[in-house]
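User: I would like to go through the terms used for this structure and see what each one rests on.

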Amino acid sequence: MTDEELMDDLRRVIQAMDNPSLPDPAAAKSALAWNHIDAELALLEYDSELAEADSGVLLRGAETMPRQLTFTTGDVTIEIEIGPSGLIGQILPPQAATIELHSGNDEPRRVADADEFGVFQIQEFKPGPTAVVARAVDGSWSIRTAWTVA
Amino acid sequence: MTTITSMDVPDTSSLVARALKNDQDAWEDLVDQFTRLVWHVVRGFHQLDPQSQADAHQTTWLKLAEQLTNVRDPERLGAWLATTARRECYRLLKLADRERPEHEIELEPSSVELDQHMLDSERDAQLWQAFGELGESCQALLRLLLTDPPLSYDEVADMLDIKRGSIGPTRRRCLDLLKAKLNEASRQDRS
């Protein structure tokens with residue numbers, strides 16, 4: 001790459017980056033605090049959206065199916081379905097837990113309890129960045145799901 | 001008389017190390033340093049509505065905070081953020097598609113276009129990060145040499161309070177530093 005080519009690339013990148021209409025940085029700056037949660041991270045293992053994308057096949061009628069997500073720490077798994085009636089979750093192995101919802105914007109709040117079968121439902125649910133924190137009622141574990149845009 | 005040095009602005013590695021210890025100031029410096037980059041990638045997805053673009057931007061930062069302990073190579077943080085932002089945007093495009101009635105489903109961008117977008121955004125990310133790691137004097141000189149309309153060497157010399165004759169050699173030295181940083185980043189990329 002010649003100096004002139006490098007200067008041309010640099011001009012283009014500087015012009016693009018100097019765009020003054022940046023988003024409000026407050027949300028990004030608060031992101032560190034959102035992750036000071038005392039809970040083990042459960043990684044995204046399956047996302048029905050990405051499964052479709054990866055297979056390269058557009059499943060007809062798939063747009064009416066709830067979106068399915070699976071998060072796991074290895075020991076504990078949370079399966080989540082997001083559909084028109086809100087968010088339905090299943091903790092595996094089944095057990096009772098309290099459920100908090102994090103949006104990255106509002107204070108996290110306890111929104112539901114998982115019953116003894118590990119099932120919970122959140123009806124008031126806003127689209128946007130989302131993480132679910134589940135804490136075993138017996139205090140044996142706390143986990144949080146990786147962030148995803150629901 | 002301003003001398004051009006390769007003294008680094010607070011480098012990304014030390015900011016990441018401090019953020020890992022919950023240093024909010026370091027985290028905010030990282031956000032300030034890279035927000036333009038993340039936003040540049042997100043804005044490239046014109047098909048997303050403004051709310052989705054804001055969600056993708058914020059989620060990229062939430063994911064960085066979440067994954068901070070796993071950042072093995074802070075010098076490539078820009079490329080990591082660009083890749084994460086692009087993946088979030090792609091995922092949101094898929095979500096938007098399924099929420100539209102079927103007859104409005106748009107053809108997805110071809111994989112060639114997606115690959116090109118990825119290459120551009122990651123190359124831009126590395127260039128922007130490398131530029132940000134140059135000393136302030138180098139950054140100031142290169143910026144002044146890239147203004148539109150261009151400034152004369154006499155004007156640049158006046159504004160930086162340096163000798164006109166030193167602009168050419170200094171420009172070359174700054175570009176050499178920039179190339180070295182880019183080479184280093186792509187070497188780490190391959191390893």
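Analyst: Buried area is the accessible area (1.4 Å probe) that two parts lose on being put together, summed over both. This is a predicted model, in which local features need pLDDT of at least 70 and side-chain atom pairs pLDDT 80 or more, while totals for chains, interfaces and linings use all residues. Residues are numbered from 1 along each chain as its sequence is written, chains are lettered from A in the order in which they are written, and side-chain values use heavy atoms, without hydrogens and water.

User: How much area do chain A and chain B bury between them?

Analyst: About 4,800 Å², with 62% of it on carbon and sulfur atoms. On the chain A side, Met17(A), Lys29(A) and Leu32(A) lose the most area to chain B, together 16% of what that side buries. Counted by contact (heavy atoms within 4.5 Å), 54 residues of chain A meet 49 residues of chain B.

User: What makes the pair Arg91(B) and Asp47(A) a salt bridge?

Analyst: A salt bridge needs a side-chain nitrogen of Lys or Arg within 4 Å of a carboxyl oxygen of Asp or Glu. Arg91(B) and Asp47(A) meet at 3.4 Å, N to O, so the pair qualifies. The count between the two chains is 5 salt bridges.

User: Why are α1(B) and α2(B) called oblique to each other?

Analyst: Angles under 35 degrees count as roughly parallel, over 145 as roughly antiparallel, 65 to 115 as roughly perpendicular and the rest as oblique. Helix α1 (residues 12-20) and helix α2 (residues 24-43) of chain B pack at about 135°, and they are therefore oblique.

How values were computed. Axes fitted to C-alpha atoms, helices over the stretch in contact; angles between N-to-C directions. Helix = DSSP H or I, 4+ residues; strand = E, 2+ residues; numbered from the N terminus.
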